[in-house]
Amino acid sequence: MPKLKPIDVIRSALWKNNPVTVQILGICSTLAVTNIFLNTLIMGLGLTFVTAFSSLTISLMRNIIPPRVRMMVQTLVIASFVVIVDIVLKAYVPNISKALGPYVGLIITNCIIMGRLEAFASSNKPSLAFLDGIMSGFGYSYVILVIAFVRELLGFGTILGYQIMNPLMHAIGYSEGWIQWAFMIMAPGGFFMLALFIWIANNLATHKIAHKG
Amino acid sequence: MEGLSPWVIFFASIFTGNILLVYFLGMCSFLSVSKQVNTALGLGLAVTFVLTITSALNYVVYFYVLEPLGIEYLRYIAFIVVIAAAVQLIEMVIERFSESLYINLGIFLPLITVNCAILGVSLFMVIRNYTFIQSVMFGAGSGLGWLLAILAMAGIRQRLNESKIPAGLRGPGIVLIISGMMAMAFIGFSGIVQIQ
């Protein structure tokens, strides 16, 4: 196997093998929170923290874990970090913690973390594994942040709680202001937005390959 | 949540509060195992079975062990261990008693441990403060709701094989769009029963 450079790890996680658009992992637990931008941001940060530190831990222990109980050890490591995230959120941002509800706990079953541990951390050195964890977390976060941005903007007409669309509509002469797309806040909006994002990402990727070849 | 009839919760979790189409839980296996109707049915049944049992077990663990000891914050770890152990146990029991069931369900059981729907139902049940009977009905209903969604999707996807789909949407993209349409259809049920 050729030696991996940090830059390759970063590139792969952010675009070429983006966990969401290319590997379609981990959409289970977090599509639900993408209707409000702030919640999504907190969720992305929490997930990045858990992925980075569980990658580091597993990578440090990679030579002493017996292969048979590997999965169980990984799950327990992830669960421990999620407990830390949960307690921190409860202490410092209780409102958001309440809004996220069970979805913080569901970081445990987010396939991205398990996937990175299996595919990368269990066979690479700790520093690279840590970097890979952070970058996979970012690769995941920016996708869900884009989705959340569109959903909150169209659904509530706001970003981070600030009215954006209302003044805009008044400025161009609609006195009624922004009519909220209730559809965007509900589940179907999430499905359609993600499908759209994957579609655009796939088209960009094939476009690039076609030009190279 | 005391007054709510378990049957209301049961039907609501199948239709109006569908665990997959409303709460996005269990998406990973939903996307990857919905290509064939037969396998979808097998996985759906296995999920329903495991959900019913683990929601009962986790209820006991949470309210009779974790809460009296004041260590509720360990619930994530406790739940995931209970789920993994239950899945392993169920696998062994099925293998011993029914060969044909094992061949049909067996391959799906290890997958289920990391299915978000299983952990999600246990977490919802704690947050919504259900009683024991309500929790079990919620687990069974959620499992059936998931089965219904994946079965419908598998049926649609078998037809999709012959249709022309834009290149960038092939695979997960088109499945997500169809899920979105199914979610819209399920919103239509919301007048019947409602939880939360």
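**Figure 1. Helix α3 of chain B and its kink.** The bend at a residue is the angle between axes fitted to the seven residues ending there and the seven starting there; in α3(B) of this predicted model, a kink of about 30° is centred on B:Tyr62. Helices are DSSP runs of H or I with at least four residues, numbered from the N terminus. B:Gly70 follows α3(B) and has a positive phi, near 70°.

**Figure 2. The side of chain B that touches chain A.** Chain B contributes 35 residues to the contact and chain A 37 residues, with two residues in contact if their C-beta atoms, placed from the backbone, lie within 7 Å. On the chain B side, the elements giving two or more residues are α2 (27-32), α4 (75-97), α7 (116-127) and α9 (172-187). The largest share, 9 residues, comes from α9(B).

**Figure 3. Confidence along chain B.** Helix α6 (residues 109-112) has the lowest confidence in chain B, with a mean of 73, and helix α8 (residues 132-160) the highest, at 91. For the model, ipTM is 0.80 and pTM is 0.84.

**Notes.** Residues are numbered from 1 along each chain as its sequence is written, and chains are lettered from A and ligands numbered from 1 in the order in which they are written. In this predicted model, local features need pLDDT of at least 70 and side-chain atom pairs count only at pLDDT 80 or more, while totals for chains, interfaces and linings use all residues.

Methods
pLDDT = per-residue confidence, 0-100.
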